[in-house]
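Dear colleague,

I am passing on the structure we talked about, together with some notes on what was found in it. Please read the notes with the model open beside you.

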Amino acid sequence: MRIYLDYNATTPPLAEAVAATTRALTSTFGNASSVHAYGQSAKAELDEARAAVAALIGAEPSEVVFTSGGTEADNLALRGAADALDPAGRRHIVASAIEHEAVLNTIRALERRGWRATLVTPDTSGVIDPAAVEAAMTADTAIVSVMHANNEVGTIQPVAEIAAIARARRALMHTDAVQSTGKIPVSVSALGVDMLALSAHKFGGPKGAGALWVRRGVRLVAQMTGGKHERNRRAGTENVPAIAGMGAAALAAAAKLGDMPAVAALRDRLEAGVLAAVPGTTVNGDPRRRVANTTNISFDGIEAESLLIALDLEGVAVSTGSACSSGSLEPSHVLKAMGLPSPRTRNSLRFSLGAATTPAEVDFVVDALPGLVARLRTLNRPAAAAVR
Ligand code: PLP
């Protein structure tokens, strides 16, 4: 039995997305910038996908810029806005300390060219207080970036409140909605943001496609220079097959939002089952303000990586938080920023479910965990004694 509980890392592509990608690879393979019929049919794929992505976030199609994924969308938002705002001399950015590396490392790059950054830490349940964002802002703050839902603990942030503060102080508001799109309703107008990043492979589309929504009137400097693609905001021949897949996934995701309560029920069954069956376990993050598919659980007395490998040997795929830092024994920067004690930043696993997860799969994991955890704790005990 192979069980996939790592939907926050990537989702299995939906059949609709595979069909659209295949169609664009085989039939509508033209260059969308070409004038002839082949080009026009590829352009029609882009138009259809743009309309579907815009509809998923309640936006105008003309405001959607296709990118190679969430990372590029975050880069375009922050670097593009910084380049546009540089001449004004306000070079301060406020972001949460629990952003994805796509945002955090882009901010570090901005710091290397003279921008100042303030990272706001969340409370112990992983929620950013809008008042703390306001307190971090100065007269120089030009950009605020706070993610919509966190990838490790699933916590949903008060983005609308933060965006209202940013607007009142004439700063641009960016939100990374990579982990919320397809899981909760996302509306750019309800959120009141200026830029919003999303990624196809997190909601049933292919890898290598994403989008940055940019409110009309917001100035961005293109980061990829070349042709006039994407209304001069992102040069380069569009990846029509992946974008067509993203469009189909966006349509399906909008229709499947109603399935989320069932996913939440399975997540709760998993969580309650693990807490009851395995002593020394704690849930990280806010149990109410979080996306339906995610639970992050600390297991006292083990290394998360060891349990991840033990589960993998049983056919169960989970994650130790951000996939990008897996393979290293680095503590989770998210759990650390939440102020959790050091062992909990290293002994926590993220279980992220999806529409295809079944009760039988959840029960298999709940049954397997007590034995695996007990074995790892026994193995750890002599080593702990030797260190003392
Ligand atoms: N932002 C968040 C919150 C993510 O979870 C991820 C992927 O893990 C990204 C950005 C990066 O997206 P992509 O994989 O499309 O580059």
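The side chains of Asp47 and Lys43 are joined by a salt bridge, with 3.2 Å from N to O; the term stands for a side-chain nitrogen of Lys or Arg within 4 Å of a carboxyl oxygen of Asp or Glu. Both Asp47 and Lys43 belong to helix H2 (residues 37–56), where they are four residues apart, or about one turn of the helix; helices here are DSSP runs of H or I with at least four residues, strands are runs of E with at least two, and both are numbered from the N terminus. In total, the structure has 14 salt bridges.

Before you go further, please keep in mind that this is a predicted model, in which local features need pLDDT of at least 70 and side-chain atom pairs count only at pLDDT 80 or more, while totals for chains, interfaces and linings use all residues. Residues are numbered from 1 along each chain as its sequence is written, and side-chain values use heavy atoms, with hydrogens and water left out.

The protein chain is split into domain 1 (3–10 + 258–387) and domain 2 (15–256), with bounds that come from an automatic or database domain assignment. Taken over C-alpha atoms, the centres of domain 1 and domain 2 are 28 Å apart. Where they meet, 27 residues of domain 1 are in contact with 32 residues of domain 2, contact being heavy atoms within 4.5 Å.

Turning to the ligand, 13 residues surround it, and the closest are Gly70, Thr71, Asp176, Ser199 and Lys202; a residue counts if one of its heavy atoms lies within 4 Å. A polar side-chain atom of Ser199 is 2.6 Å from an oxygen atom of the ligand, and a side-chain N or O atom of Lys202 also lies 2.6 Å from a ligand oxygen. For His201, the distance from a side-chain N or O atom to an oxygen atom of the ligand is 2.9 Å.

Terms used: Polar contact = N/O pair within 3.5 Å; in protein donor to acceptor, adjacent residues only side chain to side chain.
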